[in-house]
Amino acid sequence: MQTFRSSFLAGICIGIAGFGYLAEKSIIGAVLFAFGLLTVVHYGLRLYTGTAGFIKKGEVGKLFFILFGNIIGCLAVALMVRCSPMPLQETAQKILEGRLATGPVFGGILAIGCGFIMTTAVTFARKGQNLPLLFGVPLFIMCGFPHCVADVFYYLCVPVSFLAENAVSILIFYVSIVAGNFIGCNLYRAVINE
């Protein structure tokens, strides 16, 4: 339960950051998104991309449990989006349409960049250096690198009819970016055998 509570709160943090980005989809929104990861790191919460590069053998099941908690946390904030008078659902749909147009193969490849940036930023943050978080988050957003927790928040914000019409494509794309994030998070270990 402790892992679930931690991952649920991490999902809420990323959801709130995503809410801000939907409200201000610009470099300002991308910088403000860093609030989510700064909060996750400060409280030591469990986020998929903050954990994937540091898991030990036999912990992959735990990693997917963390992702599940992150998704449920994002869902809680996505319900708030539906109460907002701002056109947040339309903005989320445009993001998702752009992701789907990229396709699962290229989306998965781009997601590697996000995982790499996240592991780099979290490694520095664990040493008390938060500046890479402040630069890394806007960097992956401006590059269009998918982040499996931020993206699931956007998916949960789109109109239900759009989700229903594109469910299979969304699921295939999502699996590819979860895998891409995992690969990117583990590039350091794969290359320098840490």
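A nonpolar surface patch of about 480 Å² is formed by Ile27, Ile28, Val31, Leu32 and Met142. Patches are built from residues with over 30% relative accessible area and no salt bridge, nonpolar side chains (Val, Leu, Ile, Met, Phe, Trp, Tyr) being joined within 5 Å and like charges within 9 Å. Accessible areas were computed by the Shrake-Rupley method with a 1.4 Å probe, and for residues only the protein chains shown count as cover. The structure is a predicted model, in which local features need pLDDT of at least 70 and side-chain atom pairs count only at pLDDT 80 or more, whereas totals for chains, interfaces and linings use all residues. Residues are numbered from 1 along each chain as its sequence is written, and side-chain values use heavy atoms, with hydrogens and water left out.

Helix H2 (residues 27–43) supplies the largest share of the nonpolar patch, 4 residues. Helices are DSSP runs (H or I, at least four residues), numbered from the N terminus. Val31 lies in helix H2 and is partly exposed, at 42% relative accessibility; the class spans the range between buried (under 20% relative accessible area) and exposed (over 50%), with a 1.4 Å probe and protein chains only.

Ala23 belongs to helix H1 (residues 2–23) and has a relative accessible area of 38%. Residues up to four places away in sequence aside, Ala23 touches Met86 and Leu88, contact being defined as heavy atoms within 4.5 Å. Cys143 is placed in helix H7 (residues 131–143) and is partly exposed at 40% relative accessibility. Its C-alpha atom is 18 Å from that of Leu187, 44 residues apart along the chain.

Helix packing was then considered. Two packed helices are described by the angle between their axes and the distance between the axes. The axes are lines fitted to C-alpha atoms over the stretch in contact, and angles run from 0 to 180 degrees between N-to-C directions. Helix H6 (residues 104–125) packs with helix H10 (residues 167–185) at an angle of about 35°, the axes being 6 Å apart. The crossing of H6 and H10 is right-handed, a term applied when the near helix is turned clockwise from the far one by less than a right angle, left-handed denoting the anticlockwise case. Among the residues that meet are Gly107, Gly108, Ala111 and Gly115 in H6 and Ser176, Gly180 and Gly184 in H10.

The axes of H1 and helix H8 (residues 148–157) come within 9 Å and cross at roughly 65°. H1 also passes H8 in a right-handed crossing. This contact is made by Ile14, Gly15, Gly18, Phe19, Tyr21 and Leu22 of H1 with Val149, Ala150, Phe153, Tyr154 and Cys157 of H8.

Helix H8 also contains Asp151, which counts as buried at 1% relative accessibility. Beyond its neighbours within four places in sequence, Asp151 contacts Arg99, Pro146, Phe173 and Ile177. Side chains of opposite charge can pair when their charged atoms come close. Arg99 forms a salt bridge with Asp151, with the closest N and O atoms 2.6 Å apart; the criterion is a side-chain nitrogen of Lys or Arg within 4 Å of a carboxyl oxygen of Asp or Glu. The pair links distant parts of the chain, Arg99 in helix H5 (residues 88–102) and Asp151 in helix H8, 52 residues apart. Both partners, Arg99 and Asp151, are buried. The count by this rule is 1 salt bridge.

Technical notes
Helices (H or I, at least four residues) and strands (E, at least two) are DSSP runs, numbered from the N terminus.
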